[in-house]
Amino acid sequence: MNYSAARSLMKSLVGGGNYGRHVSSGFRAVAPFDASAAAAGFQSQGLSMVLIRWGRMMSSAPESSSPTSVVVGKDEKRDGAVATEKAEKGGGGAVVVSSYWGVSRPKITREDGTEWPWNCFMPWETYQADVSIDLSKHHVPKTFADKVAYRTVKLLRMPTDLFFKRRYGCRAMMLETVAAVPGMVGGMLLHLRSLRKFQQSGGWIKALLEEAENERMHLMTMVELVQPKWYERFLVLTVQGVFFNAFFALYLLSPKLAHRVVGYLEEEAIHSYTEYLKDIDDGKIENVRAPAIAIDYWRLPKDATLKDVITVIRADEAHHRDVNHFASDIHFQGKQLRDAPAPVGYH
């Protein structure tokens with residue numbers, strides 16, 4: 001048995017292939033087969049050499065037989081770079097997502113040193129509502145556009161009264177899904193106009209988007225207090241879809257009319273929240289503990305209640321009433337919003 005035959009035999013045994021075929025091909029050089037010649041071949045080549053060769057093939061066989069193992073190892077290392085890692089936060093084991101792009105939120109704490117629990121808003125976006133604002137203000141409709149806006153809002157209130165009656169929790173939830181739309185639509189259209197005409201907005205884009213965000217936070221608070229039923233969720237979906245498109249078209253046609261409509265909507269919101277507070281005072285609605293999100297957003301006392309939350313929300317609605325009537329007055333004077341300073345941060 002020559003050296004090539006021994007090597008072929010070892011490869012066949014290690015690879016698990018058809019070693020009979022390799023043995024027969026390996027012995028073609030020695031014909032006829034002679035056992036004594038094979039034994040002599042082993043002696044001449046040296047058994048130690050054959051074992052060394054066999055050991056080398058065994059050590060390299062996993063690498064050659066599994067070419068994807070190296071790739072998998074690299075993928076695992078790469079995935080590990082973006083996998084979640086444990087980070088110590090206040091002695092806890094909070095999971096922080098490590099990003100390849102280096103995007104991460106810095107550690108944010110409250111004034112008392114405790115960790116900030118919210119991602120939807122930051123401490124510098126919180127405020128104390130001005131509850132001393134005059135709630136009785138009302139824009140008396142004088143022009144034809146004012147009367148159209150006023151009658152439209154009164155007409156929209158009728159189905160709401162019939163459906164919700166005095167269920168002011170659900171009523172407020174529906175109201176906020178609508179009230180958060182105008183600021184977003186107005187801010188978006190002003191943003192596009194600013195891009196088209198290469199003009200500043202006078203801060204009105206930010207002011208209107210702040211209003212939309214504030215109304216959305218009202219909704220997030222009300223959802224903590226009132227769990228909407230499936231048909232109420234469906235109603236929200238329908239009303240929002242209709243109102244968004246209708247208000248979008250209205251703002252394109254007449255911004256002054258659109259802002260006047262919102263001003264009257266906010267007046268109705270003040271009335272609804274006032275009735276809500278009356279029911280709380282009369283004991284018809286339980287004055288439960290305020291949600292944690294409301295306590296942090298409005299900087300309320302730790303022992304704040306539902307009455308405190310409704311009070312600050314009503315104050316916000318009064319500020320939105322003033323902003324939108326003011327914006328409409330600017331348009332009625334034949335000016336653009338950018339001609340007057342925007343009430344940024346007006347709460």
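# A tour around helix α10

From the N terminus on, the elements of the protein chain run α-α-α-α-α-β-β-α-α-α-α-α-α-α. That gives twelve helices and two strands. Both kinds of element are DSSP runs, numbered from the N terminus: helices are H or I with at least four residues, strands are E with at least two.

This is a predicted model, in which local features need pLDDT of at least 70, side-chain atom pairs count only at pLDDT 80 or more, and totals for chains, interfaces and linings use all residues. Residues are numbered from 1 along each chain as its sequence is written, and side-chain values use heavy atoms, with hydrogens and water left out.

**Start with the whole chain.** Colour by accessibility. Of the 347 residues in the protein chain, 36% are buried. Here buried means under 20% relative accessible area, exposed means over 50%, and partly exposed lies in between (1.4 Å probe, protein chains only). Next, look at contacts, meaning heavy atoms within 4.5 Å. Among contacts with a separation of 6 or more, 71% join residues 24 or more positions apart.

**Select 168-197 and 255-281.** These are helices α7 and α10. Their axes come within 11 Å and cross at roughly 160°. Axes are lines fitted to C-alpha atoms, for helices over the stretch in contact, and angles run from 0 to 180 degrees between N-to-C directions. α7 and α10 are therefore roughly antiparallel to each other. The cut-offs: under 35 degrees is roughly parallel, over 145 roughly antiparallel, 65 to 115 roughly perpendicular, and the rest oblique.

The crossing of α7 past α10 is left-handed. That term applies if the near helix is turned anticlockwise from the far one by less than a right angle; clockwise makes it right-handed.

Show side chains at the contact. From α7, pick Tyr168, Gly169, Arg171, Ala172, Leu175, Glu176 and Pro182. From α10, pick Val262, Ala269, Ser272, Tyr273, Glu275, Tyr276 and Asp279. By class, the residues of this α7 contact with α10 are eight nonpolar, two polar and four charged. Nonpolar covers Ala, Val, Leu, Ile, Met, Phe, Trp, Tyr, Cys and Pro; charged covers Asp, Glu, Lys and Arg; the others, Gly among them, are polar.

**Zoom in on Ser272.** Ser272 sits in helix α10. Is Ser272 buried or exposed? Its relative accessible area is 11%, so Ser272 is buried. Leaving aside neighbours within four places in sequence, Ser272 is in contact with Tyr168 and Arg171.

α6 passes α10 in a right-handed crossing. On the α6 side, the contact uses Ala145, Asp146, Ala149, Tyr150, Val153, Lys154 and Arg157. On the α10 side, show Leu257, Arg260, Val261, Tyr264, Leu265, Glu268 and His271. The contact of α6 with α10 has eight nonpolar, one polar and five charged residues.

Leu208, Glu211, Glu215 and Met222 of α8 make the contact with His259, Val262, Glu266 and Tyr276 of α10. The residues of the contact of α8 with α10 divide into four nonpolar, one polar and three charged.

**Step past α10 to Glu286.** Glu286 lies in the loop between α10 and α11. Its relative accessibility is 62%, so Glu286 counts as exposed. Draw a distance to Thr305, 19 residues apart from Glu286 along the chain: the C-alpha atoms are separated by 9.8 Å.

**Go on to Trp298.** Trp298 is in the loop between α11 (292-297) and α12. At 1% relative accessibility, Trp298 counts as buried. What does Trp298 touch, not counting residues up to four places away in sequence? Select Tyr127, Gln128, Ala129, Met217, His218, Thr221, Val312, Ile313 and Asp316. Trp298 and Ile313 are 15 residues apart along the chain, and their C-alpha atoms are separated by 9.3 Å.

**Finish on 306-332.** This is helix α12, with 27 residues. At 1.5 Å a residue, α12 should span 39 Å, and its end C-alpha atoms are 39 Å apart, which agrees. The expected span is 1.5 Å times one less than the number of residues. α12 is mostly covered, with 21 of its 27 residues buried.
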